[in-house]
Amino acid sequence: MPMWLSIVVRSLTALAVLFLMTRVLGKKQISQLSFFEYVLGITLGELAGFISTDIEAHFIHGFIAMLVWFVVPFLVEILTLKSGLLRHWFEGKGRIMIKNGKILEDNLKKERLTADELLEQLRGKSVFNMADVEFAVMETNGELSILLKKDKQPLTASQLGIKLVNEVEPQTVIIDGNYMDAPLSTLGLNRGWLNAELEKIGVTVENVFIGQVDAYQQLYVDLYDDKLQVPAPQSKALLLANMKKLQADLELFALSTRDKNAKQMYSANAARLDDLISGLKPALQG
């Protein structure tokens with residue numbers, strides 16, 4: 001076998017084995033790594049390169065080395081799932097850097113972290129004033145987790161007494177000018193509905209790079225031609241306007257009728273519709 005062909009075969013084999021091992025070891029191998037996982041990734045990569053290019057060495061020897069570096073971490077991972085002591089020994093544990101707004105200098109020294117590096121980590125979390133931090137922990141992957149003081153945290157809807165509705169995942173119904181029938185079916189829609197919506201905004205499916213439909217059946221499109229302006233969906237605003245109009249009509253009927261029973265019926269239904277509008281307004285105005 002020619003040398004170049006041998007290198008190609010060995011490289012493809014090493015790549016396939018490395019990919020398989022990484023898949024089995026889990027997604028942590030491609031996310032932020034612990035020290036142990038960092039060493040493991042470097043070593044497996046070095047062994048794969050050795051197998052690919054060192055044609056004088058036996059391929060099976062390199063494969064056995066890769067297998068050892070795969071089996072041992074795999075067993076360690078299983079053991080650490082069952083033992084907190086082993087997990088802390090192999091992966092380490094978070095260390096408190098700031099507590100009750102006070103920097104713990106001893107812990108900074110243990111992590112070999114300077115004051116400048118701590119401030120840099122804080123700025124990376126959009127915290128520029130150290131006095132705003134109530135609690136901060138250095139995680140095992142080197143990231144700094146921060147809890148701001150109560151008066152420095154952004155307001156939430158619950159603190160303001162605003163009720164919000166849960167958002168439903170939008171479905172991508174057009175990609176590269178092609179219909180995506182499965183997402184359309186998930187929403188209970190079809191191509192006829194989609195074409196009608198496209199006609200309303202004056203575009204064809206071939207001109208759409210990406211099209212998405214939300215839970216309110218509003219179509220959002222991104223066109224190939226960025227200079228073209230597409231009107232924003234108005235389905236929710238139109239529904240809210242129609243509901244308000246209906247409530248106003250019911251109140252008008254209640255005022256104009258002389259029948260006491262009809263007046264009570266119109267007034268009661270207007271009140272129910274008003275409550276319904278109040279509950280749906282956060283969703284329809286979002």
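Residues are numbered from 1 along each chain as its sequence is written, and side-chain values use heavy atoms, with hydrogens and water left out. Because the model is predicted, local features need pLDDT of at least 70 and side-chain atom pairs count only at pLDDT 80 or more, while totals for chains, interfaces and linings use all residues.

**Positive phi angles**

Most residues other than glycine have a negative phi. Which loop holds Arg112? Arg112 sits between helix H5 (105-110) and helix H6 (115-124); helices (H or I, at least four residues) and strands (E, at least two) are DSSP runs, numbered from the N terminus. Ser126 lies in the loop between H6 and strand E3 (133-138). Arg112 is exposed, and Ser126 also counts as exposed (buried means under 20% relative accessible area, exposed over 50%, partly exposed in between, with a 1.4 Å probe and protein chains only).

| Residue | Phi | Relative accessible area |
|---|---|---|
| Arg112 | near 55 degrees | 73% |
| Ser126 | about 65 degrees | 60% |

**Strands around E7**

Now to the strands, where two pair if DSSP finds at least two bridges between them. Strand E7 (residues 208-213) pairs with strand E5 (residues 171-175) in the antiparallel sense over four bridges. E7 is also joined to strand E8 (residues 219-223) by five bridges, again antiparallel. E7 and E8 form a hairpin with five residues between them, and Gln217 in the turn has a positive phi of about 60 degrees.
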